[in-house]
Amino acid sequence: MIPEQGVLTSSAIWSQLKELAKGEGSQHLVDLFAGNKDRFNQFSLNDCQILADYSKQRMSSAACELLVNLAEERQLSLWRDALFAGDFVNCTEQRSAKHWLLRDPLAAEVKGQLDAMEGMVSRILGGHWRGVLGDAITDVVNVGVGGSELGPLMAAFALQSVQLNEGQVRPRLHFASSMDGSQISQALQDLNPRTTLVLVSSKSFTTVDTLHNANTARSWLARGLGLAYTDEAMMRCHFIGISAEAERMAEWGIVPVNQLLFWDWVGGRYSLWSAIGLPIALTVGMEGFRELLAGAHDMDTHFRVSSLKENIPVMLALVDVWNINFLDIRTRAVLPYDGRLKHLPAYLEQLEMESNGKSVSRAGESLTYHTCPVIWGEVGPNAQHAFFQLLHQGSQSVASEFLMTARRYNEAVHSCSAQELEAQHALANANCLAQSRLLALGDKALEQDLSLPAYKRYHGNQPSTTLVLDELSPRTLGALLVMYEHKVFVQAVIWGINPFDQWGVEMGKVIATDMLVGLADPDSAEVLDASSLALARHVARKQKSRE
C-alpha cells in the first residue's frame, strides 16, 4: 500500500531543523571535530565492502537525530516496503519500479533473459559468433542514449581490468549516442564491417537518436559487406536488439533469436542490471556480470533490513537533504580518486537529476523548497588542477563526494610494474584524504605557526563525504551503484516527489521533432518565438549558401 504523506513544510520536525540550522549553520567543522572525539565512529557506516564517512559534513548529532525523525515521519519504512512489494510507486505512470528484481537471484521471470544473454556472451567471447562472411567478432558498437549508454559505458570502463576466463577474448567496445552522428561516424570509420556487431538498445525502440544511429550503422554494414539493407543474414549476424518492445524490434529488422527483452517497470537509468548491461557482460564475462548483480543484491538487502540510522543509502540521502534544504548548499561535486570511475559523475548526473529534478509533488502541488542538487564532477587528480580553486577559495559552499579504493593492482596481473603502480595508487589515496581534510579544516590543517597573506588562506568548512571501496570489483561496484539508487529513492520520499518519471525529458523530444519542420522551411513552420525563428532562418541560409 502506498503511504499517505502530509505537506513537508508543515511538519514540526521540519521547522525544528530550520531553527537548528540557523544556529549551527555557521559552525565550523574544526569546532565540530574538537567537540566530539568520537565523531568519525558516530558519523560513518561500513557494509557491503563500502565505508561511508560523512563526519566531515556540517551536521551535529542533534541535526542527525532530527533528520532520522523526519524520515520516520515521512513513513520511509512503509515506502521502502511498498517499493519492494511492487506497488505503484511510479504514480504518474501507474506502474511499479521493480529494477531491484533484476538482481534478485530468486526472480524466475528474470532468469530466462539472463540465460539468453549468457548464451550470446559465451558465443561472442569464445569467438563462435561469426559475421555473415564467417569472421569472428572483434568490435561491438553499442547504439543507445541516456540509460542505455551511461550505465553500460560507466561500468564497462570501470571493470575493464577484470580477467576473463581462459579461452575468452574481450571485444573492443564502442559507444554511440549523439544524434548529430559524430560518434557513430568516428567509431565506424576505423572498424571492419566483417567483424563488427551492433547492439541497438532502446526501451521503447522509438528513440529518435538511437534509431538514426542504428540506421547509419546498418547502411554502413550493408555497403561494406556488399549486401542489401534488408538482408536477413546480415541482420542475424551483425545486430542484437535490446528493448521492452519485441514487435518494434522485429519491424526494424532484429531477428527474434537476437532479441533481448526487459520490462516496462525498468526505468532507463535503472536498466544496466538488465540486458541493457550486455556491454558490461562482454567486458567481465557472464560470471563477472552475475557478481555485479550479487553486489547489487547485497546493497538491496542492506537497504531493506538495516535500521534507518545504520542504513548507508538513508543516511547519505539525509545528508543531502540537510545540505540542500537547511544549509542552502545546492550543488555536489563527485570526485573519484580512481581513474576507472571517470564516467561515474556523468552516470550520477542522470540518475539523480533526472530522478529528483522535480518541482511538483506527488499530489500535483508546486514545491516551495529545493529538491535535487546540481551534480557534477571529474576524476579527482584532474579536478585538483581545474576547479578545486573554487572549492578551496571560492565564495560559495559546495558539498563534495570523494571516492577511493583501499586495494588495487594485483601483482599477478601487473608483475612487471606492480611496485610502481602501488606507489601511484598510494599517491592518489593520499591526495584524496589530504584534499578532503583541507576542504574541511582549512588553515587549521596546516602548521599552526604558518603565516599566510589573505590570498593564500584556506577558510575550510566545505562539507564532504568520503566513500572507500575495499576494491573496485564487479561486486563492490554493484553495491555502490545500488547505494546511489536507493539514496535517490529516500530523498524522493522525504521531498514527496516521484523519482521514476521524466516528463521534462519527454516534452523535449516532442518539441525537437516539431522543430525539424522549422529548420527545413522556417517560414512555413507554425508560430515560433522570435529567437527560434531567427536562428532557424540563419541555419537555413548557411545551408543554402553551401549548395
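## Cavities, a helix and a sheet

The largest cavity in this predicted model has a volume of about 70 Å³. A cavity here is a set of points, on a 1 Å grid over the protein atoms alone, where a 1.4 Å probe fits but cannot get out; the volume is the space filled by probe spheres set on the points, which are joined across faces, edges and corners. Searching the whole structure turns up five cavities of 30 Å³ or more.

A word on the ground rules. Residues are numbered from 1 along each chain as its sequence is written, and side-chain values use heavy atoms, with hydrogens and water left out. Because the model is predicted, local features need pLDDT of at least 70 and side-chain atom pairs count only at pLDDT 80 or more, while totals for chains, interfaces and linings use all residues.

Let's look at the two cavity linings, where a lining residue has an atom within 4 Å of a point. Among the residues around the largest cavity are Gln57, Asp320, Arg332, Glu401 and Lys487. Helix H13 (312–326) and strand E10 (399–405) each give two or more residues to this lining; helices (H or I, at least four residues) and strands (E, at least two) are DSSP runs, numbered from the N terminus. The second largest cavity is lined by residues including Leu102, Met117, Trp263, Trp273 and Ser274.

| Cavity | Volume | Largest share of the lining |
|---|---|---|
| Largest | about 70 Å³ | H13, four residues |

Next comes helix H5 (residues 76–85). Its buried residues (under 20% relative accessible area, 1.4 Å probe, protein chains only) are Leu76, Trp79, Arg80, Ala82, Leu83 and Phe84. These pack, with heavy atoms within 4.5 Å counting as contact, against helix H4 (61–73), helix H12 (278–305), H13 and helix H18 (474–495). After H5 comes Gly86, with a positive phi near 80 degrees.

Finally, the sheet: six strands form an open sheet with mixed pairing, in the order E1-E2-E11-E10-E8-E9. Two strands pair if DSSP finds at least two bridges between them. Strand E1 (44–47) and strand E9 (374–377) are at the edges with a single partner strand each, so one side of each has no neighbour in the sheet. E1 and strand E2 (residues 50–53) run antiparallel and are joined by four bridges, and Asp47 has Ile50 in E2 as its bridge partner.

Methods: 1 Å grid on protein atoms, 1.4 Å probe; cavity = no way out; pocket = protein on both sides within 12 Å on 5 of 7 lines; lining within 4 Å. Buried < 20%, exposed > 50% of the residue type's maximum accessible area, 1.4 Å probe, protein only.
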